[in-house]
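Please look over the sequence and the three-dimensional structure shown below, and keep both at hand while reading the report that follows.

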Amino acid sequence: MSQLFRYILFFCLFSSVVPLFCYTCVFPSISPLDCLKFPTRCPPGQLCLSSKAVGQRGDFKVILYEKSCALPALCGLTGEKFALGLNFTFTNDCCDTLLCNGISSTSAGMWSSTLLPLVLALLYAQ
């Protein structure tokens, strides 16, 4: 019985011991392309951020995607930015599990959604 209790305690505390890894884009990408992303260890207290900015002038429309670690104060924000001669409306969404900001479609493979977070957790747990 005590062995079972240890396993339950380990899994309950597992999320607080493992550092948070998020995808970070090398540079923002323009739709329909996905950004060149790589896993990054976030500083304590930060979350995974996915940001989408839509800019339009007449029939010309640009959508930019960005991923990174971010302070919780940036989560859930929407607003406007002016860049490249366009007004962009942006939306920030955050999540707090391993590599959660990398899912761009339901066709994500086992490597990115299951195996990679486990390998990273094992590497940084030592």
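Predicted model: local features only at pLDDT ≥ 70, side-chain atom pairs only at ≥ 80, totals over all residues.

Residues are numbered from 1 along each chain as its sequence is written, and side-chain values use heavy atoms, with hydrogens and water left out.

## Overall organisation

The protein contains 2 helices and 7 strands, these being DSSP runs numbered from the N terminus, with helices (H or I) of at least four residues and strands (E) of at least two. Read along the sequence, the elements follow the pattern α-β-β-β-β-β-β-β-α. Among contacts between residues at least 6 apart in sequence, 59% join residues at least 24 apart.

Of the 126 residues of the protein, 28% count as buried; the word buried means under 20% relative accessible area, exposed means over 50%, and partly exposed lies in between, with a 1.4 Å probe and protein chains only. The protein exposes about 8700 Å², of which carbon and sulfur atoms supply 65%; accessible areas come from the Shrake-Rupley method with a 1.4 Å probe, and for residues only the protein chains shown count as cover.

## Cores and a surface patch

The largest nonpolar core has 6 residues, namely Leu20, Cys22, Cys42, Cys48, Cys69 and Cys100. Such a core is a set of buried Ala, Val, Leu, Ile, Met, Phe, Trp, Tyr and Cys residues joined through side-chain atoms within 4.5 Å. A second, separate core has 5 residues, including Ala53, Val62, Leu86 and Phe90.

On the surface, Val26, Phe27, Leu36 and Phe38 form a nonpolar patch with about 410 Å² of accessible area together. Leucine 36, one of the patch residues, lies in the loop between strand E2 (29-30) and strand E3 (37-41), and it counts as exposed because its relative accessibility is 56%.

## Residues in the strands

Threonine 89 is found in strand E7 (residues 86-95) and counts as partly exposed, at 42% relative accessibility. Threonine 24 lies in strand E1 (residues 21-25) and counts as buried because its relative accessibility is 17%. The side chains of threonine 24 and threonine 40 are joined by a polar contact of 3.1 Å; a polar contact is a pair of N or O atoms within 3.5 Å, of which, within protein, one must be able to donate a hydrogen and the other to accept it, and residues adjacent in sequence count only if both atoms are side-chain atoms.

Serine 51 has its place in strand E4 (residues 47-57) and is buried, with a relative accessible area of 13%. Its side chain makes a polar contact of 2.8 Å with the side chain of asparagine 92.

Serine 68 lies in strand E5 (residues 60-70) and is buried, with a relative accessible area of 15%. Not counting residues up to four places away in sequence, serine 68 touches Cys22, Tyr23, Thr24, Leu47, Cys48, Leu49 and Asn101.

Lysine 37, in strand E3, is partly exposed, with a relative accessible area of 24%. A polar atom of the side chain of lysine 37 lies 2.9 Å from the backbone oxygen of glycine 102.

| Residue pair | Apart in sequence | C-alpha to C-alpha |
|---|---|---|
| Threonine 89 and valine 54 | 35 residues | 5.3 Å |
| Serine 68 and cysteine 22 | 46 residues | 6.5 Å |
| Lysine 37 and serine 68 | 31 residues | 9.2 Å |

## A loop residue with positive phi

Leucine 99 lies in the loop between E7 and helix H2 (110-124) and is buried, with a relative accessible area of 3%. Leucine 99 has a positive phi of about 55 degrees although it is not a glycine. Most residues other than glycine have a negative phi.

How values were computed: Contact = heavy atoms within 4.5 Å. Patch = residues over 30% accessible without salt bridge, like charges linked within 9 Å, V, L, I, M, F, W, Y side chains within 5 Å. Salt bridge = Lys/Arg side-chain N within 4 Å of Asp/Glu carboxyl O.
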